[in-house]
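Please consult the sequence and structure shown here alongside the notes.

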Amino acid sequence: MSSCFSSACYVISGVPQGSVLGPVLFIIYVNDIYDIIPIVVTVKLFADDTKIYSTLSDDMSVECLQACLHAISSWFDHWQLTLSPSKCTVLHVVAADKCRTWFSYYLAGHTLPVLESVTDLGVTYDNKLKFGPHIDKGCSKASSRAKLILKCFQTRSPSILLKAYGTFVRPILEYASVVWSPYKKCDINKIEAVQKYFTKRLGGLGHMSYCQRLSILELDRLHLRRIKADLLLCYKMINNLVYVNVATFYIL
C-alpha cells in the first residue's frame, strides 16, 4: 500500500541493483579510472561496462595498451572490485588493405580472446565497423517473436495484434537505429520483410499489397521510421538538446 514503507538498510559497499541512480553512483565510484590511463588511450564508461581503445602508431604501441590493462587490474585490486576477464574481449579494427597481425592482450593473468564482432550496449558490429551482424541478429530475433505472437494469439484482430507487434517486435528492429541504419537495399529489404510477414497474416489483409496494408493499418515503412529517427536526432544536435559536439558533424 502507498502508506507503507520498507525498513531501512545501510549499504556499506556496492550500489543498488535495478535502479536509475545505481549506474550513476557506480560511474562516480569508478570515474577516476581516467586518472591512470595515458592521454593517447580513450576510455568510455557506462555503469560497469568499460572500453579502452586507441590507434596504434609511433606514439601508441601495443605495450602501452597492455600497460593500461595492467593498471586497470591493479586499480580494481586496490579498491576491492572484482574483474571478469572471461567477459572481456579484443576487437582489432584494420582496413581491408592492411596486413593483419593480431596481438595478444592479457588481463588479470587471462589471455583476452580476439573476436570478429562484438556487442556494445546492445549494438553488434564487426572488425570493419559494419553492422551486418546486428541486422542479421535483429531480424532473426524479431521474426521469431512475430511468429510466436501469431502462434500464441487465436485472434487475428489487427487492433490487438498490432499492439503486441509494437511492443515486442518493432523495438528490436529500431533500437539505436541512428547508429546502424543500413544503406544497402538488401539490408533494408531484410528488415522490412519482418513487417511485411506480420501484416500479411492479420485478419482480412492477406490478399492486399504491402502498401495497401500499411495504409489501412496506418503504419509507416520501417525505412521511413528510421529516416524520421535520424531527422529527430539531427534536430536535437543542432538545438543542443543532446550532449554531442555538433561542429564535428555539421558546418552551420
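The model is predicted. Helix α7 covers residues 185–200, and its buried residues pack against six helices, α3, α4, α5, α6, α8 and α9. The largest nonpolar core has 26 residues, and α7 is one of the elements that give two or more residues to this core.

**Geometry of helix α7**

- The 16 residues of α7, taken at 1.5 Å a residue, should span 22 Å, and the distance of 21 Å between the end C-alpha atoms agrees with that expectation.
- A bend of about 30° is located at E192 of α7.

**Buried side of α7**

- The buried residues of α7 are D187, I188, I191, E192, V194, Q195, F198 and T199.
- In an α-helix there are 3.6 residues a turn, so residues three or four places apart point the same way.
- The partners against which the buried residues of α7 pack include α3 (132–152), α4 (158–168) and α9 (222–238).
- I191, when neighbours within four places in sequence are left aside, is in contact with I135, C139, L173, W180, P182, L222 and R226.

**Nonpolar cores**

- Within the largest nonpolar core, of 26 residues, the most contacts belong to V169, L173, I191, F198 and L202.
- Two or more residues of this core are given by each of α3, α4, α5, α7 and α8.
- Helix α3 supplies the largest share of this core, namely six residues.

**Packing of α7 on α8**

- The axes of α7 and α8 come within 10 Å and cross at roughly 70°.
- Helix α7 is therefore roughly perpendicular to α8, as angles of 65 to 115 degrees count as such.
- On the α7 side, the contact is formed by E192, Q195, K196, T199 and K200.
- On the α8 side, Y210, R213, L214 and L217 take part in the contact.

- L121, which is not a glycine, has a positive phi near 50°.
- The position of L121 is in the loop between β5 (117–120) and β6 (123–126).
- L121 is partly exposed, with a relative accessible area of 46%.
- A176 likewise is not a glycine and has a positive phi of about 55°.
- The loop between α5 and α6 contains A176.
- A176 counts as partly exposed because its relative accessibility is 23%.

Methods: Residues are numbered from 1 along each chain as its sequence is written. This is a predicted model: local features need pLDDT of at least 70, side-chain atom pairs count only at pLDDT 80 or more; totals for chains, interfaces and linings use all residues. Side-chain values use heavy atoms; hydrogens and water are left out. Helices (H or I, at least four residues) and strands (E, at least two) are DSSP runs, numbered from the N terminus. The expected span of a helix is 1.5 Å times one less than its number of residues. The bend at a residue is the angle between axes fitted to the seven residues ending there and the seven starting there. Buried means under 20% relative accessible area, exposed over 50%, partly exposed in between (1.4 Å probe, protein chains only). Contact means heavy atoms within 4.5 Å. A nonpolar core is a set of buried Ala, Val, Leu, Ile, Met, Phe, Trp, Tyr and Cys residues joined through side-chain atoms within 4.5 Å. Axes are lines fitted to C-alpha atoms, for helices over the stretch in contact, and angles run from 0 to 180 degrees between N-to-C directions. Angles under 35 degrees count as roughly parallel, over 145 as roughly antiparallel, 65 to 115 as roughly perpendicular and the rest as oblique.
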